[in-house]
Amino acid sequence: MRAIYTCLLYCLTGILAVSCQKKNDKTIISQPGDYSAIDQILTDSVPSVFGGKCFAVLHINGQPAYSRSFGGYTGDTRLLIASCTKWLSAAVLMRLADEGKINLTDTAGKYLPILTANGKGKITIAQLFSHTSGFPGNSQQGYESDAFTTLEAAVNNIARNVPLQSTPGTTFNYGGVSMQVAGRICEVVSGKDWKTLAAEKIFRPCGMNNTDYGLTANPLIGGGARSTANDYMKFLNMLLQKGVASNGTRVLSAAAIAAMEQGYTGLTTVAYCPYPLVWLNTTQFYGIGNWRDFTGAGGTLIENSSPGAFGSHPWINHEKNITGMIFTFLPDGYLTTAPTCLKIRKALR
């Protein structure tokens, strides 16, 4: 979630502005319930913390329950979502696993000989997507976020020029480098470019017509998607329904989702984590592209999420069958908005 999107941000700032007028604040309640605590948290926080711009939405059992808009934001407002992308990308990866094209235990060198040639071939695909690969989170050269190259060229440069900082599987180091490598593996095994793959395997089957990875030939696998709250809720509901989209399409197997939601960090030390570790109540705090940030007895997953650097915050509460998203856009906003989002999640629990 570090601010590695400067070039894209500057290019898009002018078209992301939304009018902030009180008359656009609108609350819709679609299922009976007491949402007064949520209303109060948003009333207290959005004007001062979110710059007056936010769309908050909750679904229960896959159906709309509550939404509130501020500053002209609606469920169809389309913005860069930064690391909320990681969950989407993980689903693309798991769709290929469902199809038998890859396995999470496969080594990266099996598909990218250039990694083997540079002493990095033994990293597993699971390690690439759980930030435990041994790579730094982000490269000093910025290969992973270079909008003027291709994904293939970026990964070749990572293989040649970005040294491992630790033995694969021993250290959690959050960032985009390893996911870029995994994205290239997906291209190789499928014979399709990443953007085509994501649209074909996840976005279209879920009915996510306003979600993509932008224009660059080097899409940020861990942070470059553009989406809307309405689109992202379709994705969350698909996950909650064990891989079946609201339109009835089977997108992922239940086994693939279970593998995504499994913990992969229990035996690692933390080199870099974007959150204060006290916010995480388990050592198994990260799966495949999503945070396992609230667990119960025996490590049972209660809530998982994938917040982004610009403040947007999607999550699933598995105990209560709630999916939710706080959708906004603030440069480097994740630590600013996270306390509000976590307070809402706690109130719902």
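Guide: Please keep in mind that this is a predicted model. The structure holds 17 aromatic pairs.

Visitor: Why is the pair of Phe172 and Tyr174 called tilted?

Guide: The ring centres of Phe172 and Tyr174 are 6.4 Å apart, and a pair needs centres within 6.5 Å. The planes of Phe172 and Tyr174 make an angle of 40 degrees. Stacked needs under 30 degrees and edge-to-face over 60, so the pair is tilted.

Visitor: How do you know whether Phe172 and Tyr174 are buried or exposed?

Guide: Buried means under 20% relative accessible area. Phe172 has 0% and Tyr174 has 1%, so both count as buried.

Visitor: What makes Tyr232 and Phe235 an edge-to-face pair?

Guide: Their centres lie 5.6 Å apart, with 75 degrees between the planes. Tyr232 and Phe235 are three residues apart in helix α9 (residues 229–240), so about one helical turn separates them. Tyr232 is buried at 0% relative accessible area, and Phe235 is buried at 0% too.

Visitor: Which aromatic cluster do Phe172 and Tyr174 belong to?

Guide: Phe172 and Tyr174 form one aromatic cluster with Tyr275, Trp279, Phe285, Tyr286, Trp291 and Tyr334.

Visitor: Why is the charged end of Arg349 said to sit over the ring of Phe294?

Guide: The charged end of Arg349 is 3.8 Å from the centre of the Phe294 ring. The distance limit is 6 Å, and the charge must also be within 35 degrees of the ring normal. The 3.8 Å therefore meets the distance limit, and Arg349 is listed as sitting over the ring.

Note on methods. Residues numbered from 1 in each chain as written. Predicted model: local features only at pLDDT ≥ 70, side-chain atom pairs only at ≥ 80, totals over all residues. Heavy atoms only, no water. Phe/Tyr/Trp six-rings, centres within 6.5 Å; stacked < 30°, edge-to-face > 60°. Buried < 20%, exposed > 50% of the residue type's maximum accessible area, 1.4 Å probe, protein only. Helix = DSSP H or I, 4+ residues; strand = E, 2+ residues; numbered from the N terminus.
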